[in-house]
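Visitor: I have a model open on my screen and would like to learn how to read it. Could you walk me through it?

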Amino acid sequence: MLSHWTQADLLVNGVRIHYTRTGQGDKPSLVLIHGFSDNGLCWTPVARALEADYDIVMPDMRGHGFSARVQPDEKVDMAADVAELIRALGLGRSIVGGHSM
(Lines give C-alpha, C1' and ligand atoms only; values in the text may rest on other atoms or scores of the structure.)
Protein backbone atom coordinates (compact mmCIF):
# COMPACT_ATOMS: atom_id res chain seq x y z
CA MET A 1 0.00 0.00 0.00
CA LEU A 2 1.30 3.46 -0.87
CA SER A 3 1.79 5.97 1.95
CA HIS A 4 -0.78 8.47 0.58
CA TRP A 5 -3.53 5.84 0.34
CA THR A 6 -5.94 5.50 3.25
CA GLN A 7 -7.50 2.49 4.96
CA ALA A 8 -10.63 2.45 7.10
CA ASP A 9 -13.59 0.35 8.19
CA LEU A 10 -17.28 1.04 7.60
CA LEU A 11 -20.40 -0.62 8.91
CA VAL A 12 -22.10 -1.94 5.76
CA ASN A 13 -25.40 -3.79 6.07
CA GLY A 14 -24.59 -4.49 9.71
CA VAL A 15 -21.11 -5.88 8.97
CA ARG A 16 -17.67 -4.27 9.29
CA ILE A 17 -16.12 -3.85 5.84
CA HIS A 18 -12.49 -2.76 5.48
CA TYR A 19 -11.36 -0.79 2.44
CA THR A 20 -8.33 0.94 0.95
CA ARG A 21 -8.77 4.18 -0.99
CA THR A 22 -6.39 6.05 -3.28
CA GLY A 23 -8.13 9.41 -3.38
CA GLN A 24 -10.26 11.94 -1.56
CA GLY A 25 -13.32 12.09 -3.80
CA ASP A 26 -12.08 14.73 -6.24
CA LYS A 27 -12.02 12.32 -9.23
CA PRO A 28 -14.49 9.82 -10.69
CA SER A 29 -14.82 6.82 -8.39
CA LEU A 30 -13.74 3.32 -9.39
CA VAL A 31 -14.65 0.48 -7.01
CA LEU A 32 -12.63 -2.69 -7.59
CA ILE A 33 -13.91 -6.00 -6.19
CA HIS A 34 -11.49 -8.86 -5.58
CA GLY A 35 -12.05 -12.56 -6.21
CA PHE A 36 -12.58 -15.47 -3.83
CA SER A 37 -9.96 -15.92 -1.09
CA ASP A 38 -8.27 -12.61 -1.91
CA ASN A 39 -8.55 -9.04 -0.61
CA GLY A 40 -8.83 -5.54 -2.00
CA LEU A 41 -5.10 -5.01 -2.24
CA CYS A 42 -4.88 -7.57 -5.04
CA TRP A 43 -5.74 -4.53 -7.19
CA THR A 44 -2.61 -2.58 -6.13
CA PRO A 45 -0.90 -2.65 -9.57
CA VAL A 46 -4.13 -1.55 -11.29
CA ALA A 47 -4.76 1.15 -8.68
CA ARG A 48 -1.23 2.50 -9.06
CA ALA A 49 -1.72 2.74 -12.83
CA LEU A 50 -5.15 4.45 -12.61
CA GLU A 51 -5.04 6.59 -9.45
CA ALA A 52 -4.09 9.75 -11.36
CA ASP A 53 -7.49 9.62 -13.07
CA TYR A 54 -9.74 7.86 -10.51
CA ASP A 55 -10.53 7.78 -6.81
CA ILE A 56 -10.13 4.03 -6.40
CA VAL A 57 -11.81 2.10 -3.58
CA MET A 58 -10.68 -1.48 -2.96
CA PRO A 59 -12.84 -3.16 -0.30
CA ASP A 60 -12.10 -6.43 1.44
CA MET A 61 -15.41 -8.13 0.83
CA ARG A 62 -17.32 -9.79 3.66
CA GLY A 63 -15.36 -12.79 4.95
CA HIS A 64 -12.09 -11.66 3.34
CA GLY A 65 -9.02 -9.66 4.33
CA PHE A 66 -9.62 -7.37 7.30
CA SER A 67 -13.43 -7.38 6.95
CA ALA A 68 -15.75 -9.25 9.29
CA ARG A 69 -15.96 -13.03 9.00
CA VAL A 70 -19.12 -14.65 7.64
CA GLN A 71 -21.16 -16.25 10.40
CA PRO A 72 -22.92 -19.63 10.05
CA ASP A 73 -26.25 -19.27 8.23
CA GLU A 74 -25.52 -15.60 7.47
CA LYS A 75 -27.07 -14.31 4.25
CA VAL A 76 -24.38 -12.77 2.02
CA ASP A 77 -25.36 -10.35 -0.73
CA MET A 78 -22.14 -8.92 -2.13
CA ALA A 79 -23.93 -6.65 -4.61
CA ALA A 80 -25.90 -5.08 -1.74
CA ASP A 81 -22.68 -4.69 0.25
CA VAL A 82 -20.98 -2.88 -2.65
CA ALA A 83 -24.01 -0.63 -3.21
CA GLU A 84 -24.12 0.28 0.49
CA LEU A 85 -20.35 0.92 0.56
CA ILE A 86 -20.74 3.33 -2.37
CA ARG A 87 -23.62 5.08 -0.59
CA ALA A 88 -21.83 5.24 2.77
CA LEU A 89 -18.72 6.76 1.20
CA GLY A 90 -20.82 9.27 -0.73
CA LEU A 91 -19.28 8.23 -4.02
CA GLY A 92 -22.41 8.74 -6.11
CA ARG A 93 -22.34 7.25 -9.58
CA SER A 94 -19.33 4.91 -9.66
CA ILE A 95 -17.60 2.55 -12.02
CA VAL A 96 -17.49 -0.94 -10.51
CA GLY A 97 -15.14 -3.68 -11.70
CA GLY A 98 -14.28 -7.09 -10.39
CA HIS A 99 -13.39 -10.67 -11.12
CA SER A 100 -14.18 -14.18 -9.92
CA MET A 101 -16.87 -13.84 -7.23
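Predicted model: local features only at pLDDT ≥ 70, side-chain atom pairs only at ≥ 80, totals over all residues.

Visitor: Is methionine 58 buried or exposed?

Guide: Methionine 58 counts as buried, because its relative accessibility is 0% and the cut-off for buried is under 20%. Leaving aside neighbours within four places in sequence, methionine 58 is in contact with several residues, including Trp5, Tyr19, Leu32, Trp43 and Ala47.

Visitor: And what sheet does that strand belong to? How do I read the strand order?

Guide: As a general idea, strands of a sheet pair through backbone hydrogen bonds, either parallel or antiparallel. Here five strands make an open sheet with mixed pairing, and the order is E1-E2-E4-E3-E5. E1 (6-12) and E5 (95-98) are at the edges with a single partner strand each, so one side of each has no neighbour in the sheet. From one strand to the next, the twist averages 30°.

Visitor: In which sense do E3 and E5 pair?

Guide: E3 and E5 pair in the parallel sense, over four bridges. Look for valine 31, which stands opposite valine 96 in E5. Against the sheet packs helix H2, which touches E1, E2, E3, E4 (55-60) and E5. The direction of H2 makes about 115° with that of E1.

Visitor: Which residues have the most contacts inside the largest nonpolar core?

Guide: The general idea is that nonpolar side chains tend to be buried together in soluble globular proteins. In this model the largest nonpolar core has 14 residues, and those with the most contacts inside it are Val31, Val57, Val82, Leu85, Leu89 and Leu91. Strand E2 (15-21), strand E3 (29-33) and helix H2 (78-89) each supply at least two of its residues, and the largest share, four residues, comes from H2. Apart from this core lies another, of seven residues, among them Trp5, Trp43, Ala47 and Ile56.

Visitor: What does valine 82 contact beyond its neighbours in sequence?

Guide: Setting aside residues within four places in sequence, valine 82 is in contact with Val31, Ile33, Met61 and Val96.

Methods:
Residues numbered from 1 in each chain as written. Heavy atoms only, no water. Core = buried A, V, L, I, M, F, W, Y, C linked by side-chain atoms within 4.5 Å. Buried < 20%, exposed > 50% of the residue type's maximum accessible area, 1.4 Å probe, protein only. Contact = heavy atoms within 4.5 Å. Pairing = 2+ DSSP bridges. Axes fitted to C-alpha atoms, helices over the stretch in contact; angles between N-to-C directions.
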